[in-house]
Amino acid sequence: MESTSATTTRDFNPLKVCHQQESGETCGFYATYHMIVTATKVGLTKPEEFKVPTAPIPHEELCKLRAKTASFLISQVISGKGEFHYPTSSAP
């Protein structure tokens, strides 16, 4: 099956597709982006319907991912009321 938009997506084949990011510290954000994209495709019945983005993620989208990550860490991990907060014990 040929892709309808070869410049921005490719048929899913993990052995052939690599979403390249610019050098720097964006690898984790690309991984996060792909997890979010994958989570929205749960209802697909044919693997070939899943299209992997290959164009660079826009700067604005990376900024949104950073903000969501920071918000989650502050509200759910660092905050004592957060679901994933692990209080440290002050007892010896």
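This briefing describes the fold, the nonpolar core and a nonpolar surface patch of one protein model.

The model is predicted, so local features need pLDDT of at least 70 and side-chain atom pairs count only at pLDDT 80 or more, whereas totals for chains, interfaces and linings use all residues. Residues are numbered from 1 along each chain as its sequence is written, and side-chain values use heavy atoms, with hydrogens and water left out. The protein holds two helices and two strands, where helices (H or I, at least four residues) and strands (E, at least two) are DSSP runs numbered from the N terminus.

**Overall fold and surface**

- Read from the N terminus, the elements follow the order β-α-β-α.
- Of the contacts in the protein with a separation of 6 or more, 58% are between residues 24 or more positions apart, a contact being heavy atoms within 4.5 Å.
- The accessible surface of the protein is about 7,400 Å², and carbon and sulfur atoms account for 61% of that surface; accessible areas come from the Shrake-Rupley method with a 1.4 Å probe, and for residues only the protein chains shown count as cover.
- Among the 92 residues of the protein, 17% are buried, where buried means under 20% relative accessible area, exposed means over 50%, and partly exposed lies in between (1.4 Å probe, protein chains only).

**Nonpolar core**

- The largest nonpolar core consists of nine residues, namely Phe-29, Tyr-30, Tyr-33, Val-37, Phe-50, Val-52, Ile-57, Leu-62 and Leu-65; such a core is a set of buried Ala, Val, Leu, Ile, Met, Phe, Trp, Tyr and Cys residues joined through side-chain atoms within 4.5 Å.
- Helix H1 (27–39) and helix H2 (59–78) each contribute at least two residues to this core, and H1 gives the largest share, with four residues.

**Nonpolar surface patch**

- Phe-72, Leu-73, Ile-74, Ile-78 and Phe-84 make a nonpolar surface patch of about 510 Å², with patch residues having over 30% relative accessible area and no salt bridge, and nonpolar side chains (Val, Leu, Ile, Met, Phe, Trp, Tyr) joined within 5 Å. A salt bridge is a side-chain nitrogen of Lys or Arg within 4 Å of a carboxyl oxygen of Asp or Glu.
- Ile-74, which is found in helix H2, is exposed at a relative accessible area of 54%.

**Aromatic pair**

- A search of the whole structure finds one aromatic pair, formed by Phe-72 and Phe-84, which is tilted, with 5.7 Å centre to centre and 50° between the planes.
- Rings of Phe, Tyr and Trp (its six-membered ring) pair if their centres lie within 6.5 Å, and planes under 30 degrees apart count as stacked, over 60 as edge-to-face and the rest as tilted.
- Because Phe-72 lies in helix H2 and Phe-84 in the segment after H2, the pair ties together parts that are twelve residues apart in sequence.
- Phe-72 is partly exposed, with a relative accessible area of 38%, and Phe-84 is also partly exposed, at 48%.

Conventions:
Patch = residues over 30% accessible without salt bridge, like charges linked within 9 Å, V, L, I, M, F, W, Y side chains within 5 Å.
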